[in-house]
Amino acid sequence: PIIFVITVRKSKVCAVGQASEAPIPISTKHVARDLRLSPLSEAHIREILVHAKPEAREHPAVDLAVHLSAGNPSYAQEVLRAAASSHEWARSATEWDPLDHEQVRRVFAVRLVGLSSDELLILRGVAVLGRSARPRLVAELAGLDLPAAARLAKESYRRRIVADEDNRMIFTNDAMREYVVSQMSVLERAATHLNAGRILEREGGVSAGALATHFFLGDDWTRCFSYAMEAATLARDSGGNAEAAHFAEIAASAATGGDERRVALVLRGDSMFALGDSQAAAAAFSEVLNTVVPPSLAERIRVHLRLAAARIEACNWLAADEALGKVQAQILTVEDFGARMRFKAEHASLVLKLALRTGDRDSIAGLEHLLSQLVNDLDRQSQPEPETAMSIFMAAAVLESLTGSGQKAVRYLAAAQPYLDLVRPGQLARYSGLRGLVRTRLASWDAAEADFLKAREIAMRSGDQVALMRSWNNLACVSLGTGDWDAAARRLGE
């Protein structure tokens with residue numbers, strides 16, 4: 001006997017039951033039976049995919065295929081085949097982008113077949129609003145009342161394109177959300193983001209970062225700059241330097257004037273420096289000085305000093321020395337005594353750091369008189385600025401540990417201690433690190449290790465990658481000093 005097996009979708013015109021009514025002679029030898037097949041479970045789909053391609057087990061395409069398949073193994077295998085044929089598969093599985101492949105885009109498109117323009121409008125609203133896609137806001141963005149929007153969303157829920165989570169509409173798969181956004185025209189996308197930003201701004205309780213993103217994509221530069229700077233500042237103050245750098249870059253792009261761009265670039269430079277990307281930090285500071293000239297002498301000096309610090313960390317010694325040389329004469333022209341002293345202290349600290357990195361003994365010797373003078377100036381002030389006092393005492397302590405008495409260096413560190421509660425976390429990490437360095441020169445290994453561990457803890461909390469790497473290196477030096485080679489190698493590796 002010959003058995004014909006025909007599989008069709010319920011959405012097609014011809015269903016299995018109708019096929020059995022076709023003009024085919026029906027007898028005991030010819031029987032048509034309607035079998036309703038349930039979708040396979042996600043576990044079964046995953047098992048099929050891994051069995052077909054074992055090396056795909058950890059590839060993100062497997063998760064995507066499972067989500068998109070809706071229980072259909074053919075769809076799942078189509079997604080996986082597209083991933084396997086991608087050059088990204090061999091290079092780096094985590095970089096594979098499903099939207100780069102026509103086969104996968106066709107799978108996305110099939111999931112949307114049959115949805116009306118109004119139903120697609122709801123999906124676009126959910127895609128643009130993201131984590132803020134509460135049903136009421138989705139309806140408002142679509143220009144509909146809530147009951148009408150709920151009716152239009154039913155089919156998307158049934159197809160498992162979207163789901164409900166804590167009274168929010170979410171896509172069951174991020175790639176599907178990105179596909180829906182990609183099908184919008186540039187003008188439609190910008191208008192939707194702009195409306196979403198306005199609705200969320202009026203609603204309240206939405207992060208500055210989310211609003212900045214909506215207004216950036218909606219071409220409202222004024223609102224975008226304001227919210228992006230707010231988001232960047234909040235992120236920086238809480239130790240989220242990567243997020244701060246991201247929103248500072250958005251703010252710089254949205255800036256409508258030189259002053260706005262300058263402020264954003266300086267914030268981006270500071271954040272990239274804290275992340276350990278000294279090259280990007282130097283590029284931001286250089287742009288400030290070359291294209292958006294700071295309006296005041298004090299601001300120019302501050303940026304020059306930051307540029308020098310970034311170049312030192314990037315091991316660009318000649319450029320760092322050039323930046324320090326340029327700013328030295330400018331510092332002397334600052335009229336305000338407190339500001340001039342602050343700039344002198346920061347300049348001296350950077351000169352000392354550069355000299356230590358390059359082994360320039362002449363520069364180290366030349367700093368002795370300057371730092372001694374700055375210490376005397378501090379003694380004459382009733383309430384010196386905490387940051388300035390810390391910089392001076394720490395630089396003097398390091399210099400003294402190199403050229404003079406270790407005990408005098410310890411006294412300088414003790415003089416800095418009253419200011420610890422008044423300075424930024426970065427200064428605290430620097431203080432602990434420098435005290436550890438002084439103690440290593442005195443061969444006080446246990447005390448030095450405690451200082452470096454504290455500096456590492458502060459750096460980890462504040463997200464300061466430069467201070468964190470320095471702490472690991474210093475801890476490795478302690479291990480070398482005590483003869484523990486294995487611990488030194490482990491710490492250098494970390």
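Contact is taken here to mean heavy atoms within 4.5 Å. In this predicted model, and with neighbours within four places in sequence left aside, Ser 349 is in contact with Ser 391, Ala 395 and Arg 430. Ser 349 lies in helix 19, and its relative accessible area of 10% places the residue among those classed as buried, the cut-off for that class being under 20%.

Helix 17 is followed by Cys 315, which has a positive phi, near 60°.

Helix 25 also packs with helix 24 (residues 445-462), at an angle of about 160° and with the two axes 8 Å apart. Since angles over 145 degrees count as roughly antiparallel, helix 24 is assigned that orientation relative to helix 25. The crossing of helix 24 and helix 25 is left-handed. On the side of helix 24, the residues that meet helix 25 include Trp 445, Phe 452, Leu 453, Arg 456 and Met 460, while those contributed by helix 25 include Leu 468, Trp 472, Asn 474, Leu 475 and Val 478. By class, this contact of helix 24 with helix 25 has 13 nonpolar, 3 polar and 2 charged residues.

A further helix pair is formed by helix 13 (residues 221-237) and helix 14 (residues 241-254), whose axes come within 8 Å and cross at roughly 160°. Helix 13 and helix 14 are therefore roughly antiparallel to each other, and their crossing is left-handed. From helix 13, Trp 221, Cys 224, Phe 225, Ala 228, Met 229, Ala 231, Ala 232, Ala 235 and Arg 236 meet a set of residues in helix 14 that includes Asn 241, Glu 243, Phe 247 and Ile 250, as well as Ala 244, Ala 248, Ala 251 and Ala 254. The contact of helix 13 with helix 14 has 14 nonpolar residues, 1 polar residue and 2 charged residues.

Conventions
Residues are numbered from 1 along each chain as its sequence is written. This is a predicted model: local features need pLDDT of at least 70, side-chain atom pairs count only at pLDDT 80 or more; totals for chains, interfaces and linings use all residues. Side-chain values use heavy atoms; hydrogens and water are left out. Helices (H or I, at least four residues) and strands (E, at least two) are DSSP runs, numbered from the N terminus. Axes are lines fitted to C-alpha atoms, for helices over the stretch in contact, and angles run from 0 to 180 degrees between N-to-C directions. Angles under 35 degrees count as roughly parallel, over 145 as roughly antiparallel, 65 to 115 as roughly perpendicular and the rest as oblique. A crossing is left-handed if the near helix is turned anticlockwise from the far one by less than a right angle, and right-handed if clockwise. Ala, Val, Leu, Ile, Met, Phe, Trp, Tyr, Cys and Pro count as nonpolar, Asp, Glu, Lys and Arg as charged, and the others, Gly among them, as polar. Buried means under 20% relative accessible area, exposed over 50%, partly exposed in between (1.4 Å probe, protein chains only).
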